[in-house]
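Reader: Could you walk me through how to read a few side-chain features in a model like this one? I would like the general idea each time, and then the case at hand.

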Amino acid sequence: MKNTEVITKESLPINQYFSREVISAIIKTGIIKSNSLGMVAGLCLAIAVNDLSFVTQIPIIILALIGTSFVVGGAGAVNNFYDRDIDAIMKRTKDRPTVTGAVNPKFALWLGLALFVIGVGILFLVSNMAAIMGILGFFFYVVPYTMLTKRTTIYNTEVGSISGAMPPIIGWAAISPDLFHPVAIGLFVFMFLWQPPHFYAIAIRRLEEYKAAGVPMLPVVKGIRRSKVQTLVYLVILLAASFLFLSFSKIIAFTMFGLTLVWMLLGIFGFKKLEDTKWATLMFVFSLNHLTIIFALMIILSFFK
């Protein structure tokens, strides 16, 4: 049932002072930036694999970046509209404009849908396959994740990870329709496996908030110990997935292997020695650096293939 305070705000007009900061909060610009980095990494790898010139692909790069940003921002806005009841309970989300009444929540919904349509339209200018991947990413985030599993099952993280793994594939599809190329498969597997350890760490840090909001994150339902163990299982699989990039670049493969190994060892050595919140914070911070370094390396090395 929707939070009463939130429902009463639905009739409010758009606040006359709504600003760039408000729009940024609605479309989740932080998530847009991280997803855009993944999209660019996938695009750059596809350019390198297909031995194309970066200069001639600049128009495609720009359009793919804009289109992906619009689709991701649209998904974030729709999520803000749908989740405003639980957002009102959680400390880290209670100040979102859809909760505070800074905007009419329906504005977020229509903004999200408009951004999605425009973004997909731009991606169609790039390639049909890129647009289809954009549609799938939006769909998995909004329907299977936000509407169907986030509030009902501990596997919500895995379902959401399908959507989170799409931006690099959008970038790849902007250049190449071959989604079964080993590098394309590697990109999807990498991003899919990276997300559960990252989000389990967030869930442990925000355990009481998720519990209060009734969101069945793994630590809430199965406990912190199970979440730590499952994190390490995913990292072992991610370690093995490093070799999917071996045929393209030994540097990428072994860097990913090394960083993942360090991430896993931090989790193992801190399993009992660190307090749960400190363990989760360590794992969360390292996950961000892990992802940023690998994507940056992919982009840089693509210029030298």
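Author: Gladly! Keep in mind that this is a predicted model. Let us begin with Phe243, which is partly exposed at a relative accessible area of 39%.

Reader: Which ring does Phe243 pair with, and how do I describe such a pair?

Author: In general, two numbers describe a pair of aromatic rings: the distance of the centres and the angle of the planes. Here the ring centres of Phe243 and Phe257 are 5.4 Å apart and the planes stand at 50°, so this pair is tilted. Planes count as stacked under 30 degrees and as edge-to-face over 60, with the rest called tilted.

Reader: Where do Phe243 and Phe257 sit along the chain?

Author: Phe243 belongs to the loop between helix 14 (224-241) and helix 15 (250-269), while Phe257 is in helix 15, so the pair ties together parts that are 14 residues apart in sequence. Phe257 is partly exposed, its relative accessible area being 26%.

Reader: How many aromatic pairs does the whole structure contain?

Author: The search finds 10 aromatic pairs. One of them joins Phe188 and Phe192, with centres 6.4 Å apart and planes at 15°, so that pair is stacked.

Reader: Why are Phe188 and Phe192 separated by about one helical turn?

Author: The general idea is that an α-helix has 3.6 residues a turn, so residues three or four places apart point the same way. In this case, Phe188 and Phe192 are about one helical turn apart because they lie 4 residues from each other in helix 11 (residues 182-205). Phe188 counts as partly exposed, with 27% relative accessibility.

Reader: Rings can have charged neighbours too. Which charged side chains lie over a ring face here?

Author: Arg84 is placed over the face of Phe81, 4.5 Å from the ring centre. Lys228 is over the face of Trp279, and its distance from the ring centre is 5.2 Å.

Reader: Let us stay with Lys228. Is it buried or exposed?

Author: Lys228, a residue of helix 14, is buried, with a relative accessible area of 3%. Its side chain also makes a polar contact of 2.8 Å with the side chain of Asp276.

Reader: How should I read the charges of Lys228 and Asp276 together?

Author: As a general idea, side chains of opposite charge can pair when their charged atoms come close. Lys228 and Asp276 form a salt bridge, with their closest N and O atoms 2.8 Å apart. Lys228 is in helix 14 and Asp276 in helix 16 (residues 276-302), so the pair ties together parts that are 48 residues apart in sequence. Asp276 is partly exposed, at a relative accessible area of 28%.

Reader: How many salt bridges does the structure hold?

Author: There are 7 salt bridges. Among them is the one between the side chains of Arg151 and Asp83, at 2.9 Å from N to O. Arg151 is in the loop between helix 8 (128-149) and helix 9 (156-164), and Asp83 is in the loop between helix 4 and helix 5 (84-87), so this pair ties together parts 68 residues apart in sequence.

Reader: What is the accessibility of Arg151 and of Asp83?

Author: Arg151 is partly exposed, with a relative accessible area of 28%, whereas Asp83 is buried at 0%. Salt bridges also link Asp83, Asp85, Lys150 and Arg151 into a network. Another salt bridge joins Asp87 to Arg96, whose closest N and O atoms are 3.1 Å apart; both of these residues are buried.

Reader: Which helix is largely enclosed by the rest of the structure?

Author: That is helix 10 (residues 166-175): 10 of its 10 residues are buried, so the rest of the structure largely encloses it. Its buried residues include Met166, Trp172 and Ile175.

Terms used: Residues numbered from 1 in each chain as written. Predicted model: local features only at pLDDT ≥ 70, side-chain atom pairs only at ≥ 80, totals over all residues. Heavy atoms only, no water. Phe/Tyr/Trp six-rings, centres within 6.5 Å; stacked < 30°, edge-to-face > 60°. Helix = DSSP H or I, 4+ residues; strand = E, 2+ residues; numbered from the N terminus. Buried < 20%, exposed > 50% of the residue type's maximum accessible area, 1.4 Å probe, protein only. Lys NZ or Arg CZ within 6 Å of the ring centre and 35° of its normal. Polar contact = N/O pair within 3.5 Å; in protein donor to acceptor, adjacent residues only side chain to side chain. Salt bridge = Lys/Arg side-chain N within 4 Å of Asp/Glu carboxyl O.
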